Structures are given as C-alpha cells and as structure tokens.
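Student: I have a model open and would like to talk through its fold. Could you take me through it?

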Amino acid sequence: MPLHSRQKTGRNDLCPCGSGKKYKHCCLKAAQPSDDSPWSRQREASGRLAQEMMSFARRGFANDVLDAWLDFNQDDSASPLQDDIEEGQIFMPYFLFDWDPEAPSRRRRGQTGMGKVAQSYVSMMGSRLPALESLILEQATTQPLSFYEVIRCDPGERLLLRDVLIGGETEVIERTASELLRPGDLGYGQICKLPEVTTLGRLAPLCISPRYKAAIVGLRGKLRKKIAKQQRELAASDLIRYGEDIRTAYLDIRDVMRTPPRLTNTDGDPLVFHTLTFRAGSAHAAFEALAPLARGISKRELLGKAKLHEDGTLLSVEIPWLKPGNRTHRDWENTILGHIKIFGRSLVVDVNSEKRAAKILHEIEQRLGILVVHQRTVAQSPEALLNKQKRARTAAGPELRSEAISPQPEVNEQMQAEFQRRVENWILQKVPALGGRTPLEAVGDPDGKEIVESLLLDWERQTENIADAGAFQPDINAIRQLLKLIPAVCMPVRSRDS
C-alpha cells in the first residue's frame with residue numbers, strides 16, 4: 001500500500017484504492033465521464049470515496065497499517081503486505097471500514113459498526129459527506145461478508161450469486177469479475193445494495209474452485225450449531241456476529257490454494273521418479289531371481305513376451321514389480337510398484353518414490369548377491385520429467401507424436417472402459433472431504449449432496465483442458481447418473497483472452 005501522498009495519480013501508477021492493480025485498470029474508469037447510469041454513478045462515487053479515505057488514512061493512520069494487516073490475517077507472523085499486494089483488494093476495505101483494535105469482544109459483538117478509520121473519517125466530514133457516498137459507506141460497514149457461489153454469469157455485465165452460508169440469490173452488476181468467473185466458482189466478498197443498483201462492494205482476489213466448497217459447507221454446519229438453540233435459520237446478522245470465523249475459513253482456503261500440491265503415489269509417498277541401473281552376471285540369472293516379484297504372473301507368461309536369441313537363450317524381458325491389493329483403491333487386485341527391464345547383462349528398474357527405490361535396491365542385491373552390481377540411481381521430480389517429455393514430443397516429427405499417442409482402436413476401447421470403470425468406482429470410496437463417507441452415502445443428505453456435486457464439477461474442470469489427444473477423459477455425467485444427480489449441461493470453455 002503506497003502511503004506517500006500524490007497530487008495526481010498516473011495511468012500506470014498503482015491505484016490509490018489499494019487493489020494492487022494499475023490505476024488505468026481499476027478506478028480510472030470511475031473517474032472518467034460515464035453514461036450516468038445507476039451503476040456508473042455508484043462506481044464513480046465508490047471511486048471517489050475510496051481515494052478520499054485512502055488519502056485520509058495516509059495522513060492519520062499510516063502507522064496502523066501493519067497492525068491491521070496482522071489482525072486481518074489473524075497471524076502475527078504474516079508475510080509483509082508489500083509481498084502480497086493482490087490481497088490488498090480485500091484487506092484495504094477491511095482496514096478502511098472494519099478494523100477497530102479497541103472494540104471489546106470483537107469476535108462476538110452483535111453489530112460490527114464502523115471501524116477506526118471510518119469513524120474518524122465520518123467525524124471529520126460530518127454533513128459534508130455526499131448522500132451516495134454516505135450510503136456506500138453505510139453498506140460497507142453494515143453488510144456481512146460471506147461466501148458466494150456463481151450461479152450464472154453474463155461476461156462483462158452481471159453475475160447471479162448464491163450465498164452459500166445463508167442461502168438466497170442476488171444479481172449484481174459486475175463488469176470485471178464477470179469476465180473471469182464461471183458458474184460453480186466461489187468468492188469471499190460483500191454485496192452492496194443501493195436503491196437503484198446492486199454491486200459487489202468488495203471481493204477477494206482469489207477465485208475459489210469448487211473443490212473447496214466442502215470447507216464452506218462445513219463452516220455453515222458449525223454456524224448452524226451455534227444458533228441451534230434458537231430454532232431458526234442462519235441470518236445476515238449471524239454472519240456479522242461471526243465475521244471473524246468466516247474470515248478464518250477464507251484465510252485457511254487461501255493458504256491451502258497457495259500451497260503447491262504434494263504429489264504422492266498410492267502408498268502416500270512423495271512422487272519422485274527413480275531409475276536404478278545394475279550390471280548383472282547374466283540375463284537368465286537375473287530373470288530367475290526377480291521373476292517372483294511379479295506376484296500372480298507365472299514365469300511362462302513373462303517369457304511369452306520376452307525376446308530370445310536364435311539359440312533360445314534369453315535376450316531381454318520385462319518384469320512388473322507387483323504387490324497384492326492397494327491401500328487407496330480397494331477394488332484393485334494388485335499395485336504396480338515398479339518396472340524391471342532386463343536386456344543382456346543390463347538391468348534397469350523404474351519406480352516412483354525414494355522409498356520404493358530403496359526397497360527394490362535391497363530386494364535385487366539380496367536376491368542376486370554377488371551376481372549384480374548397482375551402478376547408479378537417477379532421481380527426477382515430476383516437473384522435470386514432464387518438461388523432458390514435452391521437449392521430446394516437440395523434437396519428434398508429427399507422425400511419431402501421433403503414433404506415440406494413438407494405440408490400436410480395440411486396445412484403446414478396452415483401456416477406456418477399464419479407466420471409466422475405475423472412475424465410477426469412486427462412488428464407493430471413502431472421501432475425506434465427505435467426512436470419510438462414500439459419495440453414495442453422502443448424497444443422502446443435502447449438505448453431502450452439495451459437496452459431491454462440487455467435487456464432480458471440479459473433476460470436470462481438471463479434465464476439460466487435457467491437451468493430449470490420446471488421453472482418456474472420464475464421463476462425469478455417468479457418475480452423476482449412478483448417484484441420481486442431475487447431469488450437468490456441457491458449457492463451452494471461454495478463453496480468458498476472448
């Protein structure tokens with residue numbers, strides 16, 4: 001937040017409202033001549049109010065910004081504001097309108113009232129505060145912040161939002177966010193209701209994907225328990241009273257979304273690809289010692305796919321390293337722990353975790369003893385391996401790339417059917433987001449059904465942009481039919497550049 005004063009804000013300067021955006025992409029539009037529509041008048045008044053209050057805060061409350069930032073984040077060790085400038089979009093309204101370090105029992109007061117900066121600003125302005133700015137300020141300090149789900153969006157025009165915590169739908173005029181959000185997305189913000197127009201008074205910069213709706217539904221359940229003795233539904237006044245709890249939920253979701261995903265294999269081990277190379281005494285000796293690692297597959301079956309010399313001796317063979325069952329997918333008959341390749345006196349093993357690499361090294365050295373020598377182990381992260389594969393596909397000609405991703409039709413069909421079978425088996429698996437219940441169990445109650453639908457929507461989002469033509473895509477509507485949910489209507493994916 002720039003705390004120095006300026007006579008005039010340049011087009012490419014940071015916007016004085018604290019959003020972190022350039023002035024030309026933020027409040028400049030509000031300062032320019034408009035069509036005098038209710039939305040334009042509200043936008044202009046809101047822009048003037050934000051700039052005037054920011055100037056007022058610079059003069060009298062510059063030393064309080066750090067304390068307010070720590071209070072907003074509910075963390076005395078929060079990263080500096082200048083390192084998280086985008087979050088200023090939701091923090092600055094908190095600082096200007098809500099923050100009050102002297103308010104008693106802030107977590108449980110019945111009414112929010114105006115924060116320290118807003119109180120001082122209104123006291124200074126008195127009756128000089130224009131009527132529209134006064135209404136906007138009143139909305140900013142009395143309307144609750146909540147989580148809103150996008151039901152419908154008209155890009156560049158408006159959004160239809162549903163309050164996930166207390167229910168009810170509201171249509172807001174919103175030019176920018178409606179270009180970025182899609183039905184099913186969630187946002188943490190505040191609605192501003194004026195006599196002629198309803199807009200978003202503030203909105204966090206983070207677009208919350210549907211997968212995190214479970215946390216919001218969980219918060220709703222906790223808030224309902226808090227008022228259970230009153231035998232009534234959650235109301236806007238409850239959201240004001242428990243505003244700190246709601247912001248805690250937003251901060252938790254924000255921090256999780258900002259944390260890079262931890263990729264693991266089905267054993268829960270961090271995903272790191274290892275290639276172990278050995279020198280063996282002979283291909284036959286290595287095969288005889290390691291064939292039992294392919295549990296459930298006979299030596300005859302393995303040799304049926306092997307390559308032999310003209311004299312019948314073994315040239316090369318592949319052995320899948322298997323174990324029975326799977327701790328994550330109960331319907332799997334076995335788990336592939338790695339792939340063993342023997343060709344001549346060379347022995348190469350590929351596994352996907354450090355733990356499995358150590359285990360197979362021990363197995364091979366124990367089974368072959370002095371007949372094998374470990375030469376090297378190379379480890380690669382998933383990102384490094386993916387980049388290597390992309391470079392290889394780019395270097396290959398189009399015919400080679402097409403051949404690499406286009407298996408025989410009958411094989412492709414069988415693999416797709418097996419893939420879809422495993423996808424549909426998800427309805428019988430216990431899901432942490434559902435409190436350990438299966439989706440089939442969860443759809444029996446309204447909250448569980450709502451979470452299941454959000455998980456399926458997020459699943460569709462993750463698979464809709466798969467670039468490889470040969471990649472299998474799950475039929476999510478088939479899962480909805482199994483769960484007796486309404487199939488989703490396929491919507492075209494809107495480019496962010498369009």
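Tutor: We can start with the whole chain, then turn to a sheet and a helix. This is a predicted model, in which local features need pLDDT of at least 70 and side-chain atom pairs count only at pLDDT 80 or more, while totals for chains, interfaces and linings use all residues. Residues are numbered from 1 along each chain as its sequence is written, and side-chain values use heavy atoms, with hydrogens and water left out.

Student: How many helices and strands does the protein chain have?

Tutor: The protein chain has 19 helices and 11 strands, taken as DSSP runs numbered from the N terminus (helices are H or I, at least four residues; strands are E, at least two).

Student: And what share of the residues is buried?

Tutor: Of the 498 residues in the protein chain, 41% are buried, where buried means under 20% relative accessible area, exposed over 50% and partly exposed in between (1.4 Å probe, protein chains only).

Student: On to the sheet: what is the strand order?

Tutor: The sheet is open, with 6 strands in the order 7-8-9-10-6-11 and antiparallel pairing; two strands count as paired if DSSP finds at least two bridges between them.

Student: Which strands stand at the edges?

Tutor: Strand 7 (307–308) and strand 11 (372–380) do, and because each has a single partner strand, one side of each is left without a neighbour in the sheet.

Student: What packs on the sheet?

Tutor: Helix 11 (residues 283–290) does, touching strand 6, strand 8 (314–324), strand 9 (334–343) and strand 10 (346–351), with contact meaning heavy atoms within 4.5 Å. The direction of helix 11 makes about 15° with that of strand 8, using axes fitted as lines to C-alpha atoms (for helices over the stretch in contact) and angles from 0 to 180 degrees between N-to-C directions.

Student: How many bridges join strand 6 to strand 11?

Tutor: There are 8, with the strands running antiparallel, and Phe273 has Gln380 in strand 11 as its bridge partner.

Student: What about strand 9 and strand 10?

Tutor: They form a hairpin with 2 residues between the strands, and Gly344 in the turn has a positive phi of about 65°.
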